[in-house]
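Thanks for coming. Please have the sequence and the view open.

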Amino acid sequence: CELCFNLACALIEEAKLGEAEERLQKAKELCVAELIQAEELAEEDAETIEVHEELAAIHVQRGCVLQRRGQSDEAMELYQRVLKQ
């Protein structure tokens with residue numbers, strides 16, 4: 001989870017936004033799997049994990065990718081969701 005996230009951040013800095021978004025998605029998948037295992041949740045409860053604080057940094061970086069692509073509205077929605085957590 002953390003390694004994918006760190007790689008995504010480096011890719012964002014290099015303006016490799018497509019690759020960064022793929023790494024962020026993979027980081028999210030890994031993080032969700034780790035949280036399900038750690039909290040002994042059923043996979044169908046994965047939606048409740050979507051707002052878990054461990055995913056906040058991933059959402060913020062995805063917002064950064066969207067913002068750099070000119071998708072400001074979508075980025076703002078992600079930022080707002082994180083702030084409400």
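Start with Glu 21, which counts as buried at 17% relative accessibility. The cut-off matters here: buried means under 20% relative accessible area, so Glu 21 falls into that class. Keep in mind that this is a predicted model.

What does Glu 21 pair with? One partner is Arg 69, with the closest N and O atoms 2.5 Å apart in the salt bridge. That pair links distant parts of the chain, since Glu 21 sits in helix 2 and Arg 69 in the loop between helix 4 and helix 5 (72-84), 48 residues apart. Arg 69 itself counts as partly exposed, at 39% relative accessibility.

Glu 21 also forms a salt bridge with Arg 62, and there the closest N and O atoms are 3.1 Å apart. Arg 62 lies in helix 4 and Glu 21 in helix 2, residues 17-38, so this pair ties together parts that are 41 residues apart in sequence. Arg 62 is partly exposed, with a relative accessible area of 32%.

Taken together, Glu 21, Arg 62 and Arg 69 are linked in a network of salt bridges. As a general point, side chains of opposite charge can pair when their charged atoms come close.

How many salt bridges does a search of the whole structure find? The number is three. Lys 16 is partly exposed, at a relative accessible area of 37%. Glu 14 is partly exposed too, with a value of 48%.

Which residues form the negative surface patch? They are Glu 34, Glu 39, Glu 53 and Glu 54. I will take Glu 54 from that group. Where is Glu 54 found? Its place is the loop between helix 3, residues 46-49, and helix 4, residues 56-68.

To close, go back to Glu 21: the residue counts as buried, and the network of salt bridges links Glu 21 with Arg 62 and Arg 69. That is what I have.

Conventions: Residues numbered from 1 in each chain as written. Predicted model: local features only at pLDDT ≥ 70, side-chain atom pairs only at ≥ 80, totals over all residues. Heavy atoms only, no water. Patch = residues over 30% accessible without salt bridge, like charges linked within 9 Å, V, L, I, M, F, W, Y side chains within 5 Å. Areas by Shrake-Rupley, 256 points an atom, 1.4 Å probe, with all protein chains shown as cover. Salt bridge = Lys/Arg side-chain N within 4 Å of Asp/Glu carboxyl O. Lys, Arg positive; Asp, Glu negative; His and termini not counted. Charge placed at Lys NZ, Arg CZ, Asp CG, Glu CD. Helix = DSSP H or I, 4+ residues; strand = E, 2+ residues; numbered from the N terminus. Buried < 20%, exposed > 50% of the residue type's maximum accessible area, 1.4 Å probe, protein only.
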